[in-house]
Amino acid sequence: MDALRGRYLDGIAGASDESSLEDIRLAALGKKGEISLKMRELGRMTPEERQTTGAALNRLKDEIDAALRARKTALGDAALDARLKAEWLDVTLPARPRRQGTIHPVSQVTEEVTAIFADMGFAVAEGPQVESDWYNFDALNIAPEHPARQEHDTFFMARAPGDNRPPNVLRTHTSPVQIRAMQERGAPLRVICPGRVYRMDMDQTHTPMFHQVEGLALGRDINMANLKWVLEEFCRAFFEVDSVELRFRASHFPFTEPSAEVDIRCSWEGGQLKIGEGDSWLEILGSGMVHPKVLAAGGIDPNEWQGFAFGMGIDRIAMLKYGIPDLRAFFESDLRWLKHYGFAALDVPGIVGGLSR
């Protein structure tokens, strides 16, 4: 036993590669290996000899197997070290231009919007894309007979047979996130709610899935003047112009009262959009003071708190800022389009450093 142990352990320690290590394993522990053959001789021994010799052979087998595993690990580590030294690469070198990815305009504009509103004290709130009928409609003061609650305008989820509860929906706006934020955080509150929304519509300027950002600010004395200032500051920063002029037009939304659609002064000279100058007006978003019923649904006392809300399409303002003519191209996975309209991956938008570097 001692001679076997010494010979095989010395051979394992001196093995220079995994191939020679495998040869030693087969010579010792293979089906026709030396130790395996000795195990077969146990049947010809007396019970006392079999007990003693069998135990010794098992210990030897385990010892050699452990030595083989340890040497194999050591050889593998040594091979990896050699490979790492041979394949060393300076990771501080710039990326190869042909392999450089780009950021999708929707992601870029979402980051731009987040940076601007963060500078004004707005946090980001998120919620589920599959919403209950209550969060998507009832809590937002949308009546049962409202057109948005019809199947031709909203994606309703399938229900199990016999289930009489209102079906869940793919959210038609990010307004349900405002309700959840009020319930979770209370007032005062300042949040924006970016995310995907879904409606049954498809043409050059509409898709069944698009991106929206909504804002909500609650306080004891917040009013429409505060809303106007916030939107002016946002438009000035987002479109990167020195001044903007907004026009508020009376409108109706179930979740705000009073409600207003907001236009921005612009010009289309030479077919190019210029913000902040000219004689034309362009609608960019909807807004208003939060309806008392919506505040109550969010667990906020409308007798103590009030606030404003607004919402705009991320895809739409991306089209306006970066001159993208067709909304459908956003979702066609055309690498040529993405290379043309995409943004550098490491250029994070910032108020000081610039948004669209």
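Predicted model: local features only at pLDDT ≥ 70, side-chain atom pairs only at ≥ 80, totals over all residues.
Visitor: What volume does the largest pocket have, and how many residues line the pocket?
Guide: Its volume is about 1,200 Å³, and its lining comprises 46 residues. Arg199, Phe210, Gln212, Gly311 and Gly313 lie nearest the centre of the pocket. Elements giving two or more residues to this lining include α7 (175–185), β6 (209–219), β11 (306–313) and α10. The most is given by β10, with seven residues.

Visitor: How is the lining of the largest pocket divided by class?
Guide: There are 20 nonpolar, 18 polar and eight charged residues in the lining. Gly counts as polar, so Gly311 and Gly313, which lie nearest the centre, belong to the polar class.

Visitor: Why is helix α10 called mostly covered?
Guide: A residue is called buried when its relative accessible area is under 20%. In α10 (residues 314–322), eight of the nine residues are buried; the helix is therefore described as mostly covered.

Visitor: Which residues of α10 are buried?
Guide: They are Ile314, Asp315, Ile317, Ala318, Met319, Leu320, Lys321 and Tyr322.

Visitor: Which residue just after α10 takes a positive phi?
Guide: That residue is Gly323, with a phi of about 65 degrees.

Conventions. Residues numbered from 1 in each chain as written. Heavy atoms only, no water. Buried < 20%, exposed > 50% of the residue type's maximum accessible area, 1.4 Å probe, protein only. Helix = DSSP H or I, 4+ residues; strand = E, 2+ residues; numbered from the N terminus. 1 Å grid on protein atoms, 1.4 Å probe; cavity = no way out; pocket = protein on both sides within 12 Å on 5 of 7 lines; lining within 4 Å. Points joined across faces, edges and corners; volume = space filled by probe spheres on them.
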